[in-house]
Amino acid sequence: MNLPTDINKIWAFASRSLLVNRRNVFAIFEMLFWPGISIFSVGLLTKFLKLDEATVTFVLIGTIGMNTIQIAQLDLSYALLYDVWSKSLRHKFIAPIHLSHLLVGTGLVGLMRGFLVFVIMGLLCMWLFGMDLGRPGLTGLSMFLAGMFLNAAILGILVVALVLRFGQRAEVAAWAFSYLLFLLCGLYYPVTILPPGIKEMAQLIPLTYFLDYFRHFYGFPLLSAHPLLFGFSQSVIYLGLCYLFLHSTLNTALRRGTILRLSE
Amino acid sequence: MQPAIDVQGLYKSFRTGYFKPPKEVLQGIDLEVAHGAIFGILGPNAAGKTTFISILTTLLLPDRGRATVLGLDTVAEAARLRERINLAASNAHFLWCLTVEETLRFYGRLYGLGGRVLAGKVEELLELFGLTSHRRTTFESLSTGLKQRLALAKTLINTPELLFLDEPTSGLDPEMSEHIRSEIARLNRETGLTILLTTHNLREAEELCSEVAFLKGGRMAATGSIPDLQSRLGLGDHLSLVYKSGVPPLDFQRLPGVLSCEVRDSEVQLVLDRAEVRLAPLLEIITRQSPDPPEVRVKEADLEELYRELTH
């Protein structure tokens, strides 16, 4: 391992991601528009339903979590899609890079964008709906953010692997998969109301534990005795599994000629 | 000295469907390419040229056989090999919204370059390929010729020892093709860079390549220098001698450099291995043997003839 060389390779992906985001008006649009729409629509719905302050906070935490993850995983998900769209995938894989350079470089930009969205949404929630975002303190906020970024990384790596396996049509499947996760993890409701069987499935999703952890600062009872332990350990396991899946997908792509096909 | 490329018994097949038998694309390829050569791989569509070049550039794993490039195994030592080679494919494609300079910087960083080294290399390549005035133009706004020049510039970002060019002038107008060809020849001449190129363009191969290989149906139909191949296949230059007063009693077949001979009435058709070398001494012998000098017509052999013979 050569640290300066590795840093340059990571910076290659990070700087390219930053440039693409800067040039693409829709990248800025998706950072402001969709999170804004989510906060306004969900927040106004809670007002219409005359929900109490605690329940409003419960729902808004779900909204913040979902949008932060969605934006944070985008750069990772697009890491290969940009090359597939521009038919330049083979130039990337002929260079002496490791998957880790690609994932860390684009992941860092995703993390930065996700953090910005979190801040914007948090401020909107405080200003429009009186949510006290600071109540969990710095540690609580940091743990929640770390959990969301880990979940975003899992989703992003999964998309990269699926794109390498099935081409750009995999993007749709990835979006569907992320919404399924949000449905199961109790984004707008406690997982206790989920039907039997599905409730158990929710226990296998790390985001369930991070939402549980963050909500307990607002007076909601913890559903798990050690939400951070379960959340982080599951995240690490899934990250490892996703990385192995991506690695094996790359080998399959090298055997089947997928990289060439996606470059034509 | 170990060859720059050494391929032994290379096989590759692709699945075309779950219930269909795999399609054999490469069927036992053997090849050696010397250091410093410009080597051409010729063949019709679907002959396996791109598959072959992709295995050598580590973008594809072979089913069987072994390929070493610069002494490194393309499978086991792929990561180390990637640092020392580069590739330009036909129809240059890069990310549409990056400028020429940003594209070069991006690929430079992928090879671990940074700081002043990267800046210097980018400047050098912009200058070398006449791209300095286009440095802030985005890729999507470049003309086809400029895109191809950028593709060539990108291949030199890591100062490779071996360059793979997959149909480098495909889709370019004749003037730009000529320019790119002269760039390739100059690179080889000035830096001693080994170049392996695939092409459909026979003139390109004739102009650039010291040796060529013909791929047909996944097999290597023939390998060698163009004159050698012509000689081996009896496809030399055509020399026609027309006598006014009949053909003199001369054993034309035994004359030096004559590959084949056909006498028809007052005309002799000879096939020579290399007319530019053989013609003068041959004509001297012929005129010495006959008081009636013949009318001489020469038609040089072309690669097209060789291509037809080997690939059809």
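Here is what to select, stop by stop.

**Before you start.** This is a predicted model: local features need pLDDT of at least 70, side-chain atom pairs count only at pLDDT 80 or more, and totals for chains, interfaces and linings use all residues. Residues are numbered from 1 along each chain as its sequence is written, while chains are lettered from A and ligands numbered from 1 in the order in which they are written. For the complex, the predictor gives an ipTM of 0.90 and a pTM of 0.84.

**Stop 1: two helices in chain A.** Select residues 53-85 of chain A, helix H3, and then residues 137-166, helix H6. (Helices, H or I with at least four residues, and strands, E with at least two, are DSSP runs numbered from the N terminus.) The two axes come within 8 Å and cross at roughly 30°; axes are lines fitted to C-alpha atoms, for helices over the stretch in contact, and angles run from 0 to 180 degrees between N-to-C directions. That makes H3(A) roughly parallel to H6(A), a label for angles under 35 degrees. Now show the residues that make the contact, including A:Gly65, A:Ala72 and A:Leu80 of H3(A) and A:Phe149, A:Gly156 and A:Val163 of H6(A). Two residues are in contact if their C-beta atoms, placed from the backbone, lie within 7 Å. Color them by class and you get 17 nonpolar, 6 polar and no charged. (Ala, Val, Leu, Ile, Met, Phe, Trp, Tyr, Cys and Pro count as nonpolar, Asp, Glu, Lys and Arg as charged, and the others, Gly among them, as polar.)

**Stop 2: where the chains meet.** Bring in chain B: 29 of its residues are in contact with 27 residues of chain A. Which element of chain B gives the largest share of the side that touches chain A? Pick out H3(B), which supplies 5 residues. By class, this side of chain B has 17 nonpolar, 8 polar and 4 charged residues.

**Stop 3: B:Arg105.** Stay with helix H3 of chain B and click on B:Arg105. B:Arg105 is buried, with 24 other C-beta atoms within 10 Å (buried takes 20 or more). Leaving aside neighbours within four places in sequence, B:Arg105 is in contact with B:Leu118 and B:Val122.

**Last stop: confidence.** Color chain B by pLDDT, the predictor's confidence in each residue, from 0 to 100. Its mean is 87, and 94% of its residues reach 70 or more. Where pLDDT is low, the predicted coordinates should not be read in detail.

Key: Parallel < 35°, antiparallel > 145°, perpendicular 65-115°, else oblique. Buried ≥ 20, exposed ≤ 12 C-beta atoms within 10 Å, placed from the backbone.
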